[in-house]
Amino acid sequence: MYDMLIVGAGPAGISAALTAQHRGRGVLVIGNDFRESPLAKAHVIHNYPGVTGDGMQLLEAMHQQLRALDIPVVTRRVLQAMASGGGFSCSAGTDVYEARSLLLCTGLPRGRELEGEHMYLGRGVSNCATCDGMLYRGRDTVVAGEGGEAVEDANFLHGIGCRVQFFARGERPGGLREEIPFHSAKRFRVVGENGRATGLEADGTFYPAYAVFVLRPTVSIESLLHGLKTEDGRIVTDRDMTTSIPGVFAAGDCAGKPLQLAKAVGEGNIAALSADRWLNEKGGKND
C-alpha cells in the first residue's frame with residue numbers, strides 16, 4: 001500500500017508526486033498517456049515562468065524528473081476510486097491499486113456522455129473493455145472511442161473473439177487493426193429496448209450490437225468517487241486542497257478555474273503537503 005495515490009499525470013499530478021517524494025512518501029501516479037493531453041498540443045507556452053517551449057517539451061521534461069527519481073507511473077485510465085480498508089483504492093483496467101491517501105489531479109473530462117449511455121450502463125453498455133470483454137466473446141460489439149487506449153481496447157476485444165466495429169469522430173485512428181471496420185460520425189446515441197442496449201446509432205444509422213463500449217480518456221468527476229462534493233463540474237476544495245472526503249485531496253483543472261498551468265502546479269504542491277500533514281496526524285510515518 002502506497003502513502004499517496006495520485007490520479008492524473010499532468011502538471012498538477014507531477015507536482016504533487018515530486019513534493020510527496022521529497023517528503024519521504026511512497027507514491028504512485030496513475031494517468032493517461034500525457035502525449036494525448038491538451039497541454040501536449042500547445043505549440044507555445046507564454047504564461048509559465050522560465051518556459052518558452054511547447055507543451056510536449058514541458059511534459060516530457062516533467063516526466064523525466066519522475067523517472068530520475070524512480071517515481072512509478074502507471075499509464076492507464078482510472079475507472080473508479082473508493083474508500084477501502086482504512087485507505088483508498090483505484091481500479092484501472094483489471095488492476096487495483098491501494099494507498100492511505102488519494103490525490104485527484106485528473107484534469108477535466110473530455111467528451112460528453114452519449115445519449116442513452118447512462119441509462120444502459122451495466123446493461124449492454126460498458127466503459128471498460130478489459131473488465132467486461134470476456135462476457136461478449138463471439139458476439140457483435142461496437143466501440144465508440146477516443147484516444148490511444150480506446151484503440152488498444154478495441155484490438156483487445158477483437159483478439160479475444162468479439163466481432164468489433166469502431167466508431168469515432170474524425171479519421172481512422174492509427175494502430176487500429178485492419179480487420180476492424182471503422183466508421184466516422186459526428187453524432188452518437190446508444191439505442192436500447194426492454195431495459196437493455198441493443199446497439200449504437202451513428203449519424204442516424206443504427207448498428208446493432210450485443211454490447212456497446214464507450215471508451216474515453218477520463219470518466220466524469222461525479223462518477224469517479226462516491227460521496228465527493230462537486231459544484232458546477234469541479235471538485236469542491238478548501239485552500240489546502242482538501243475535499244469533502246477525509247484523506248482525499250484535489251488539484252489542477254478538476255478543482256476549478258482558472259485553468260492555468262501555474263495554478264495546477266501550485267495546487268499539486270499544496271495537495272501533497274496537505275496529504276503529508278494528514279497522514280502524520282493519522283499516524284502514517286514517512287517511509
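Rings of Phe, Tyr and Trp (its six-membered ring) are taken to pair if their centres lie within 6.5 Å; planes under 30 degrees apart count as stacked, over 60 as edge-to-face and the rest as tilted. By this rule, the protein has 5 aromatic pairs. The structure is a predicted model, in which local features need pLDDT of at least 70, side-chain atom pairs count only at pLDDT 80 or more, and totals for chains, interfaces and linings use all residues. Residues are numbered from 1 along each chain as its sequence is written, and side-chain values use heavy atoms, with hydrogens and water left out.

One of the pairs joins Y136 and F213. Their ring centres are 5.8 Å apart and their planes stand at 85°, so the pair is edge-to-face. Y136 sits in the loop between α3 (129–132) and β8 (140–145), and F213 in strand β14 (residues 211–215), so the pair ties together parts 77 residues apart in sequence. Helices (H or I, at least four residues) and strands (E, at least two) are DSSP runs, numbered from the N terminus. Y136 has 10% relative accessibility and counts as buried. Buried means under 20% relative accessible area, exposed over 50%, and partly exposed in between (1.4 Å probe, protein chains only). F213 is also buried, at 0%.

F167 is buried at 0% relative accessibility. Y207 is buried with a relative accessible area of 19%. Ring pairs also link Y136, Y210 and F213 into a cluster.

The overall fold was then described. The secondary structure comprises 6 helices and 17 strands. The radius of gyration, taken over C-alpha atoms, is compared with a globule rule of 2.2 Å times the number of residues to the power 0.38. For 287 residues, a compact globule would have a value near 19 Å; the protein has 20 Å, which agrees. Along the principal axes, the C-alpha atoms fill a box of roughly 55 × 45 × 35 Å. Buried residues make up 49% of the 287 residues. Of the contacts (heavy atoms within 4.5 Å) with a separation of 6 or more, 56% are between residues 24 or more positions apart.
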